[in-house]
There are 2 protein chains.
Amino acid sequence: MSKITIAIDAMGGDKAPDMVVAGMAQARILYPETRFLLFGDEACLNGLLDEHDALKPAVDLRHTDKSIAGDDKPSQALRRGRDSSMGLAIQAVKDGEADVAISAGNTGALMALAKFILRTMPGIDRPALISPVPTLKGESVVLDLGANVECDAGNLAQFAVMGSAYVRTVLGQSRPSVALLNVGVEELKGKDSIREAAELLRQADHLPIEFTGFVEGDGIMAGEADVIVTDGFTGNVALKTLEGTAKLLGQLIERAFRSSRSSKLGYLLSRQGFQSLRDHLDPNNHNGGVFLGLNGLVVKSHGGANANGFATAISTAIDMAGNDLIRLIREDLENIPHLDETLDGAEPVQSSAQAS
Amino acid sequence: MSKITIAIDAMGGDKAPDMVVAGMAQARILYPETRFLLFGDEACLNGLLDEHDALKPAVDLRHTDKSIAGDDKPSQALRRGRDSSMGLAIQAVKDGEADVAISAGNTGALMALAKFILRTMPGIDRPALISPVPTLKGESVVLDLGANVECDAGNLAQFAVMGSAYVRTVLGQSRPSVALLNVGVEELKGKDSIREAAELLRQADHLPIEFTGFVEGDGIMAGEADVIVTDGFTGNVALKTLEGTAKLLGQLIERAFRSSRSSKLGYLLSRQGFQSLRDHLDPNNHNGGVFLGLNGLVVKSHGGANANGFATAISTAIDMAGNDLIRLIREDLENIPHLDETLDGAEPVQSSAQAS
């Protein structure tokens, strides 16, 4: 995993390109053999690289004066963005020059360009956006986070395969537990697509997956499964609700600490324990959403990431590329003829009593 | 609002009937003129009422030895549960004996029985489950929370009307802000149903509603709108994610406090501030989901509510009945011919550029 080459969009993200270069310098310390193809404005980047002597020899700087703006539409990115810093980073993966691309830029543009340049992997109908979330037990992943507003059972089953491969390569679990996000109000058995996906995953018992059934919203942060599978609409709402709640509770806690003189003193005394909690919840320590299901690896860093967050995204990229995530997904899809057959079959799966 | 009569299912809920009677006794102190019709096992309830002398004169006890179990299916409840404590409480509202019914029992059974006995209000296609949530600013409501897995634009617009009427009667806002829950990933404009519902609500400018557009998952707890409107699947997942995250963070915070001797001391010093935060987030202080859109009021208390939670549900019931929530919903639906016409029209609303 030492000789990974990473193509980097230097111009994407709220604090780019400064935090990009600073994040690369941080990652370089942990991964001294990693090489970087850095796409962006040469003059500006040369200035930044001059501040990082140790990083400089690992970087191959490629100039472009075009970049994707935060409010560019995906269609604009496709028409005019192929020679932008983002488009060129993805193209480097396509051309075999790099093992993985990273951008902290516009998510919609990144997904559109990645899908256009790298194309969808055989056996996958729709790529999905996946991201790790901090849980009570450690870390889980949720997908899809917004690439597909509506999904059928086959899409969800494919997400399960992709998410498990991600957990095996990045989080190092050899047989991840997988659950489908569903509702728990008694008379609702959820949507047909979810019940059918459960049936597909129960049948797919040759996969290196422990399918555990359904999980409700409160099961995400409880860490009830390593991989939480859902459609892109629900996944996006759930993740933003989780992150928003965690962030706002942090503010309420600070307010509680400031509420009296004795509680301010209390804060000073409890600070260390809180710092480790804050570290666990800090999005910068779980940075690196990935667009899975393409013929190439693309990591989406949080737009608001700092250098630390960008370094975490680089670490995720190295884990995925070094452990050959794409090969794992391909094998799981190919070696499970049963799943493939059922997915291709015209007959919808009957939802059994078991599934309800 | 003094002479409200409340029909109560004494046998529903994890800690029933003890917490039900204890909650009634608590509420009785605040609302001395409220009367209760109490349905359940006479011998058992008489024993409990003997412990609450001040409550006893306000209670009209009606015996039934039938009750709905937590795992009864809605279909079972409909077949066999009409003379259960839950069914009879709802029937008392239908018969005009009570102004509102409360149960902490099986949600699915309650929705099925309530819909069957009370019937859906004219102008409403589907009833919805609504519940208050604690936010950074105070309290908001979210609906639907699981009564309808999939919803069209008309359903969502009706939810907006019902949710606003709830906020006007229970939270005392005269012109609530309303937003539709949507996803924020740039290239996605959400589902057609959501864009169309936004169009309906923009046109309905005679309603006592401030329609503010879309809100993402993190906007719920931020209190970005008084009423958050969504389909029952997404609403259920979002609320459970929010509640689960808040609960688990509470556990992590306690763990942080126990992590060292100095932080334990810190806890003692900060305790008061934290207690008020915990009170704000305690579901028992925001108890009382309501099944809206029927010809009668039905409050669903949390199954795990304690006496304090049940008393909060009673308070919600009194606010709704005393401020004539059903009349408000009826007026808003009737006085907005524009909204009604559009809802009845066969032509789907075109999503404009503005809506995307």
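## Surface and make-up of chain A

Chain A exposes about 13900 Å², and carbon and sulfur atoms supply 46% of that area. Accessible areas here come from the Shrake-Rupley method with a 1.4 Å probe, and for residues only the protein chains shown count as cover. The model is predicted, so to speak of local features requires pLDDT of at least 70, while side-chain atom pairs count only at pLDDT 80 or more and totals for chains, interfaces and linings use all residues. Residues are numbered from 1 along each chain as its sequence is written, chains are lettered from A and ligands numbered from 1 in the order in which they are written, and side-chain values use heavy atoms, with hydrogens and water left out.

Of the 356 residues in chain A, 58% are buried (under 20% relative accessible area, with exposed meaning over 50% and partly exposed in between, for a 1.4 Å probe and protein chains only). The chain has 13 helices and 11 strands; these are DSSP runs numbered from the N terminus, helices being H or I with at least four residues and strands E with at least two. Among the contacts in chain A with a separation of 6 or more, 73% join residues 24 or more positions apart, where contact means heavy atoms within 4.5 Å.

## Helices α1 and α11 of chain A

Let's turn to a helix pair. In chain A, helix α1 (residues 18-30) packs against helix α11 (residues 307-322) at an angle of about 55°, with the axes 7 Å apart. The axes are lines fitted to C-alpha atoms, for helices over the stretch in contact, and angles run from 0 to 180 degrees between N-to-C directions. That angle makes α1(A) oblique to α11(A) (under 35 degrees is roughly parallel, over 145 roughly antiparallel, 65 to 115 roughly perpendicular, and the rest oblique).

On the α1(A) side, the residues in contact include A:M19, A:V20 and A:M24, and α11(A) contributes A:F310 and A:I314, among others. By class, this contact of α1(A) with α11(A) has 9 nonpolar, 3 polar and no charged residues. Ala, Val, Leu, Ile, Met, Phe, Trp, Tyr, Cys and Pro count as nonpolar, Asp, Glu, Lys and Arg as charged, and the others, Gly among them, as polar.

## Helices α6 and α7 of chain B

The contact of α6(B) with α7(B) counts 8 nonpolar, 2 polar and 1 charged residues.

A:D332 lies in helix α12 (residues 325-334) of chain A and is buried, with a relative accessible area of 7%. Beyond its neighbours within four places in sequence, A:D332 is in contact with A:V161, A:R168, A:L207 and A:P208.

In chain B, B:A222 belongs to helix α8 (residues 218-222) and counts as buried at 16% relative accessibility. Not counting residues up to four places away in sequence, B:A222 touches A:L248 of chain A as well as B:T135, B:L136 and B:K137. B:G108, in helix α5 (residues 107-118) of chain B, is buried with a relative accessible area of 1%. Its C-alpha atom is separated by 8.5 Å from that of B:A147, 39 residues apart along the chain.
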